Amino acid sequence: MQWSDQAIIIGTRKHGETSLIVELMTRAHGRHLGLVRGGRSRRVQPLLQPGNRVEATWRARLDEHLGTYALEPVSLHAATLMQSGCALAGIQLLGSHLRLLPERDPHGALYEAACIVADHLTEPSLAGPLMVRFELRLLDELGFGLNLSRCAGSGATDDLAYVSPKSGQAVNRQTGAPWAAKLLPLPAFLTARQGRNCAPSDLEDAFRLTGFFLDRDIWAARGIAPPESRESFLRAALRAMREPA
């Protein structure tokens, strides 16, 4: 068995005295593990850091085996990511989110989205909104997508201001006004067709929105806690966004 694919490294763990099991998110083969022999050597370790983009070739005698990886560098972001608290928490959060996917289950759109987020983790004004959009796509890929395109009550597509915590559907301002206290705020940047920047308060509302559905439908349902890196990432992104230019 053999295939080659583009991938982003999301984690590693030790195996034996000299090797590492490397966890990749690949374009066509999903989240996939493999052994890198000699991966703990000083020469190879810089390549195997989370956030790096690689060309991976996987080989195994049978499809169900762990298999081995041969990796070639494509774009090495890890050293830059480690210099920023926001970026470091962000790449850890991406890994935690991607581990919610079944192993070896292809999710090409999520791979592309993860690469975009990773490319902008050192830019907090972009990283925060992009991470929220990634979480929305993750919910969708796992079967719990939100409908933010039109009002659940009136069908209107303008002035969408809330999300129903029961249905996950948007509600426009006029329709939702009587029940505003029971609805989740919907930041305008999530429904805008253009632009990714947002105010810090909008980012907080957006993370509260996606966090509610991630917790209800995925984390709590699987009996796992939200990743600590999520709160760390949000704090770092908000702090950087509020700093004077």
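Here a residue counts as buried when its relative accessible area is under 20%, as exposed when it is over 50%, and as partly exposed in between. One more thing before the views: the model shown is a predicted one.

Figure 1. Thr-68 belongs to S5, which covers residues 68-75. Look around it and, leaving out residues up to four places away in sequence, you'll find it touching Leu-35, Arg-37, Thr-57, Trp-58 and Arg-59. For a sense of scale, take Arg-235: it sits 167 residues from Thr-68 in sequence, and the C-alpha atoms of the two are 38 Å apart.

Figure 2. Asn-52 is in the loop that links strand S3 (30-36) to strand S4 (53-59). What is it in contact with, once residues within four places in sequence are set aside? The list runs Ala-7, Ile-8 and Ile-9, then Pro-46 and Leu-47, then Ser-75, Leu-76, His-77 and Ala-78. Glu-228, 176 residues from Asn-52 along the chain, has its C-alpha 22 Å from that of Asn-52.

**Figure 3. Tyr-111 in helix H3.** This view moves to H3, where Tyr-111 lies. Tyr-111 has a relative accessible area of 1%, so it is buried. Tyr-111 and Arg-27 are 84 residues apart along the chain, yet their C-alpha atoms are separated by 5.5 Å. Arg-27 is also one of the contacts of Tyr-111 beyond four places in sequence, together with Gln-6, Ala-7, Ile-8, Met-25, Thr-26 and Arg-53.

**Figure 4. The largest nonpolar core and a second, separate one.** In soluble globular proteins, nonpolar side chains tend to be buried together. The largest nonpolar core in this model holds 61 residues, and Leu-121, Leu-203 and Phe-233 have the most contacts inside it. Several elements give two or more residues to this core: strands S1 (2-15), S6 (160-163) and S7 (170-172), plus helices H2 (85-98), H3 (108-119), H4 (124-141), H6 (200-222) and H7 (228-242). H4 supplies the largest share, 9 residues. Zoom in on Leu-121 and, apart from residues within four places in sequence, it is in contact with Leu-81, Cys-86, Ala-87, Gly-90, Ile-91, Ala-127, Met-131 and Phe-233. There is also a second, separate core of 16 residues, with Ile-9, Val-22, Tyr-69 and Leu-71 among them.

**Figure 5. Helices H6 and H7 side by side.** How do these two helices run relative to each other? Their axes come within 11 Å and cross at roughly 170°. Angles over 145 degrees count as roughly antiparallel, so H6 and H7 are roughly antiparallel to each other. On the H6 side, the meeting residues are Pro-200, Leu-203, Glu-204, Phe-207, Thr-210, Gly-211, Leu-214 and Trp-219. H7 meets them with Arg-230, Phe-233, Leu-234, Ala-237, Leu-238, Met-241 and Arg-242. Sorted by class, the contact has 10 nonpolar, 2 polar and 3 charged residues.

Figure 6. How many disulfides does the structure hold? The count is 0. Cys-115 is in no disulfide, and the nearest cysteine sulfur, that of Cys-86, lies 18 Å away. A pair of cysteine sulfur atoms would have to be within 2.5 Å to count as a disulfide. Cys-115 counts as buried, at 6% relative accessibility. Cys-151 is buried as well, with a relative accessible area of 3%.

Figure 7. Most residues other than glycine have a negative phi. Arg-104 is not a glycine, but its phi is positive, about 70°. You'll find Arg-104 in the loop between H2 and H3, and at 27% relative accessibility it counts as partly exposed. Asp-159, also not a glycine, has a positive phi of about 55°. Its loop runs between H4 and S6, and its relative accessibility of 42% makes Asp-159 partly exposed. Ser-167 is partly exposed at 41%. Gly-211 is 44 residues from Ser-167 in sequence and 15 Å from it in space, C-alpha to C-alpha.

Technical notes:
Residues numbered from 1 in each chain as written. Predicted model: local features only at pLDDT ≥ 70, side-chain atom pairs only at ≥ 80, totals over all residues. Heavy atoms only, no water. Core = buried A, V, L, I, M, F, W, Y, C linked by side-chain atoms within 4.5 Å. Buried < 20%, exposed > 50% of the residue type's maximum accessible area, 1.4 Å probe, protein only. Helix = DSSP H or I, 4+ residues; strand = E, 2+ residues; numbered from the N terminus. Contact = heavy atoms within 4.5 Å. Axes fitted to C-alpha atoms, helices over the stretch in contact; angles between N-to-C directions. Parallel < 35°, antiparallel > 145°, perpendicular 65-115°, else oblique. Nonpolar A, V, L, I, M, F, W, Y, C, P; charged D, E, K, R; others polar.
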